[in-house]
Amino acid sequence: MKLLTYLYGGKENVGVLSKDGTGVFPFAGFGLPYEDMNSFIRDAGMDRLSEIQRALDSKEDGAVPFQDIQVLAPIPVPAQDIICLGVNFLAHAEESARYKKETFERDQAAVYFSKRVDRAVPNGGLIDGHFDIVDSLDYEAELAVVIGRDARDVPEKDVFSYVLGYTVMNDVSARNIQTRHKQWYFGKSLDGFTPMGPWIVTEGEFTRPPVLSIQSRVNGEIRQNSTTGLFITSIESAVSELSRGMTLKAGTILSMGTPAGVGMGFCPPRFLKSGDVVECEVEKIGTLRNTVQ
């Protein structure tokens, strides 16, 4: 199933895409009184998915025509900072170290950092380049994991029973700010730096673990082309490790890192400029397309 947040008649709502993709069934039509994705995930999400799937299989009317809605980011305002994995592909770790003139340590532990989100940018939305303070705007196509129930002390073998689903994220980055501060929070967290979407595809649609192609394109040119099968730290390992020391609340978003081919990895670097169109695509989920302003 594809869960999405959308505007219809000037009102934000949440629902599920019809099986043929031509309409959206509001959650209210399934007896679920939720108007935002955070509330749905927190109060109902994992426990109602089977019920929604059964109803969707038999539902024939009540859908809002897809052409009449505006799709928003699936979780427009995350309840907490997004947890990100840094340098989680070997080739990207090497290009990152080369750009920063650092020594790459092949056996280092997982790198976790957080990304603040004022409001996530939807598919089709604009990326604010902040070019008054940014001279090295970069893109990072990533698979994002949405946690569906509070997770604490979760063994690796049980991790996927805590995953609601997956979406696509572009971890937009200001390399000059990221590098200057020796720490990634500020350079990753400027307003408009979190395109996400177009929807959440529920975990039951995938094999465990999901091995999916992941790409980015800039103005139609392929820049990144890899697979989630090359994660250094797996979804199971990351969720299990993080949950040993803290509770991952329902609705937590964990972004799994980006493959090689980002702008800073080229010689010379190929950073984004105003007017560039960036597409991030993950197999079986969809394409997230945004223009830099």
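1. Strands here (E, at least two residues) and helices (H or I, at least four) are DSSP runs, numbered from the N terminus.

2. A word on what you are looking at. This is a predicted model, in which local features need pLDDT of at least 70 and side-chain atom pairs count only at pLDDT 80 or more, while totals for chains, interfaces and linings use all residues. Residues are numbered from 1 along each chain as its sequence is written, and side-chain values use heavy atoms, with hydrogens and water left out.

3. Now the whole chain. The protein chain holds six helices and 18 strands. Its radius of gyration is 19 Å, close to the 19 Å from the globule rule for 293 residues, so the chain is as compact as a globular protein of that length. That radius is taken over C-alpha atoms, and the rule is 2.2 Å times the number of residues to the power 0.38. The C-alpha trace spans about 55 × 45 × 30 Å along its principal axes.

4. How much of the chain is buried? Of the 293 residues, 56% count as buried, meaning under 20% relative accessible area with a 1.4 Å probe, protein chains only. Among contacts with a separation of 6 or more, 75% join residues 24 or more positions apart; a contact means heavy atoms within 4.5 Å.

5. Back to the strands of the opening point. An open sheet of five strands runs in the order β8-β18-β17-β14-β15, with mixed pairing. Its edge strands, β8 (126–127) and β15 (221–227), each pair on one side only. Strands β17 (residues 277–282) and β18 (residues 286–292) are antiparallel partners over six bridges, and Cys-280 has Leu-288 in β18 as its bridge partner.

6. Within this sheet, β14 (residues 213–218) is mostly covered, with five of its six residues buried. Strand β14 also pairs with β15, in the antiparallel sense over six bridges, and Ser-213 stands opposite Thr-227 there. The hairpin of β14 and β15 has two residues between the strands, and Asn-219 takes a positive phi near 55 degrees in it.

7. Strand β13 is worth a look too. Seven of the seven residues of β13 (residues 196–202) are buried, so this strand is largely enclosed by the rest of the structure. Strand β1 (residues 2–8) pairs with β13 in the antiparallel sense over two bridges, with Lys-2 opposite Val-201. Strand β11 pairs with β13 in the antiparallel sense over four bridges, and Gly-165 has Thr-202 as its bridge partner.

8. Next comes helix α6 (residues 235–245), whose buried residues include Ile-235, Glu-236, Val-239 and Leu-242. The buried residues of α6 pack against β6 (82–86), β7 (111–115), β10 (141–147), β11 (163–170) and β16 (253–255).

9. Where does Val-159 sit? It lies in the loop between β10 and β11, and counts as buried at 0% relative accessibility. Leaving aside neighbours within four places in sequence, Val-159 is in contact with Val-154, Ile-235, Glu-236, Val-239 and Ser-240. Val-159 and Glu-236 are 77 residues apart along the chain, yet their C-alpha atoms are separated by 5.6 Å.

Methods: Buried < 20%, exposed > 50% of the residue type's maximum accessible area, 1.4 Å probe, protein only. Pairing = 2+ DSSP bridges.
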